[in-house]
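Keep it in view as you read each solution.

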Amino acid sequence: MSEFKLQHLVDELLNKLGGKVAPDRLIEYLQKSLTINADNGCSGTQVAIQTHLASIVQDIANPDSFMSKYKDLKDKNVYCLNAYVQLLDNISQDAGVKEFLLKSAKHPSSSLNTELTKDDLPHFKNRLKKAVTSKSRKDDSFDSILNISSTLPLATTPSVSSWVQRRPSMSWDFSTHNFSHAVPTVPPVSQENILIEDLLNVLIGLPGCYIEPEELKDMYGPRTFKINDSVSLSLKELVKQILPLASHYSVIQRFIEEKMRFEFGQVNNALAEAMQSINKDHMLFIIQLESEFRANNLTLQKLWFFVQRNMQSLGIAANIASSISKSGAKGGNVLSLLHENVIGSIGDERAQQLCLKLMEAACEPYMKMLGMWIYRGIISDPIKEITKLYKKEDMPVDYSADYWDKKYAVRRERIPKFLESVSDMILKAGKYLNVIRQCGKPVKNKVIPIQYKIEEKTDLIGRLRSVKHYFLLDQGDFIVTFLALCEKEFGKYVVDVNQGCIESLMDLALRLSSAISDPYKEDLKTELLPYDLQFQMFKILSIQTNSEQEYWSSTEPKKLLMIESFSFGYEVHWPLSLILNRKSLACYQMIFRHLFYCKYIERMICQVWKSNKVAKKFHLMQLNIIEQLLLYAKECYIASKIWSIT
């Protein structure tokens, strides 16, 4: 969100609520909150949400109802659900806000007029008609879902009626036309072959003799099956273990038959096609099992052993299909759900590969539309999965003034979570090129394919190598360049130094040296500590001693030079923060401060040696001592056996 739009929204909110807080303070707080939330990892966000939920549940009378509602909304992928939960927790902990809400709440009148007159009858008649109409729409079962959706498609979007609704017998998900057949009376010894044949049929969406599908209670939920009572108990229990695979197949097949239609968007179409390939592989697997059965080499125990391989993969695909269908997701919302599954499957390589396969397939049409917008300024989005286009007649009278801000707008609710941080940049990049095209000038940029990839966050060796470069002065040219750029600043007091300027000079030194090839250079920060190295070390050594109180008591800050206060900081995210934690980084900081101070003194002696010809011999001796000290320190800190990662 742009800064001007945020300013406008905050002003409107304060006017509506009658707030007296300065808008600038609120904007600054919101921007800090957005930055903190963007920096949080996936696991940290989940822990925070669980904390908020636990806090809310403690204060309500019916926690089970609240948690079931939260899970239902989470399954539907409701936009900004976690932010809403956090808001509820903050309101529940603020007594002033609760009191204000109770005062402003509209309480229903205690005395209700229940008498009806002739004048009220038309009003109640219309209300009853609307209620009956909406009830009939809600009661539409599976056939209505497979029919054309209630939201009419745009003129540019082709629409076709569902062939499954017209030809129910053509569906591969248990045709609704079930022919009655007599169940043969077979002794328990001979039931196994019939059950195997039934299972092979049920696993590809066909009803069996002893196993029949039940009617769906939830249009997007798992399918249940009924096993004939004449089946022996031992065989029935074994069959029940295999039937979840048929339920997964049914959920996926329903998703494919519904989402293949145009009005559900290109992302859903691509995902349905990818899931169709999963079902095809599953059917080939069933054909192989049938060949084994015809050769009398298949038993129920063998069948249970063979289907376990597909049980997990089809279960993951079925959960994804069910979540997307329940939430009615399109475009970026589908990609957000798939992204959560990819992140959640970290640690299970097979599950993650399947989620990645589905994600890459669903991303392909979305990224093509995005690439055309970014590199050509052309939007090819028939059902508005990315942007919202306003026509000229919908614009205000002063069309030119609002063209840049209102001609195109990002649909925030349909932006994938992994693109939220760059959504404004994407919008502006396409806007510039779109305006150039409308001015009659051709845009011949090459469209580079955009691909979805998982960021590798567990490169421990690379992180350790990066720490070695900066904290142990292993990247020599960077340190020399940084000292040359900041030489004047190091002689100033800390209060007179602008840390933003130091950050800029450090960034310049990184780009002018060989450190530019370091993929983690952006995580290096500058810090101006309120104590020197000697005080820091003595403060740590004084723990659990008699002098501990002396160092840990609050004292006035000492006036330090920047060279005495300066140190590097380093940002490390979870799970690498388990190894490179604050304690480890504090040790590296102390080593760096010692080495860096020696390097600074060496540079000062060199400058004096160049400018003072009389004291050359004396300064040369000092220079040799400093160089030997640095060499000894580096040999101690960077032992070849310890740092064997290079």
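A cavity is a set of grid points where a 1.4 Å probe fits but cannot get out, and its lining residues have an atom within 4 Å of a point. The model is predicted.

**Exercise 1.** Describe the second largest cavity: its volume, its lining and the helices that supply the lining.

*Solution.* 
Step 1. Start with the count. There are 3 cavities of 30 Å³ or more.
Step 2. Take the volume. The second largest cavity holds about 50 Å³ of space.
Step 3. List the lining. Met-219, Tyr-220, Val-251, Arg-254, Phe-255, Glu-258, Ala-321, Ser-322 and Ser-325 line the second largest cavity.
Step 4. Sort these residues by class. The lining has 5 nonpolar, 2 polar and 2 charged residues.
Step 5. Find the helices. At least two lining residues come from each of helix 11 (233-259) and helix 13 (300-327). Helix 11 contributes the most, with 4 residues.

**Exercise 2.** How do helix 10 and helix 13 pack, and which residues meet?

*Solution.* 
Step 1. Read the geometry. Helix 10 spans residues 191-202. Its axis lies 10 Å from that of helix 13, at an angle of about 25°.
Step 2. Classify the angle. Angles under 35 degrees count as roughly parallel. Therefore helix 10 is roughly parallel to helix 13.
Step 3. Name the partners. Helix 10 brings Glu-192, Leu-195, Ile-196 and Leu-199. Helix 13 brings Leu-300, Gln-301 and Leu-303.
Step 4. Sort the contact by class. It has 5 nonpolar, 1 polar and 1 charged residues.

Terms used
Residues numbered from 1 in each chain as written. Predicted model: local features only at pLDDT ≥ 70, side-chain atom pairs only at ≥ 80, totals over all residues. Heavy atoms only, no water. 1 Å grid on protein atoms, 1.4 Å probe; cavity = no way out; pocket = protein on both sides within 12 Å on 5 of 7 lines; lining within 4 Å. Points joined across faces, edges and corners; volume = space filled by probe spheres on them. Nonpolar A, V, L, I, M, F, W, Y, C, P; charged D, E, K, R; others polar. Axes fitted to C-alpha atoms, helices over the stretch in contact; angles between N-to-C directions. Parallel < 35°, antiparallel > 145°, perpendicular 65-115°, else oblique. Contact = heavy atoms within 4.5 Å.
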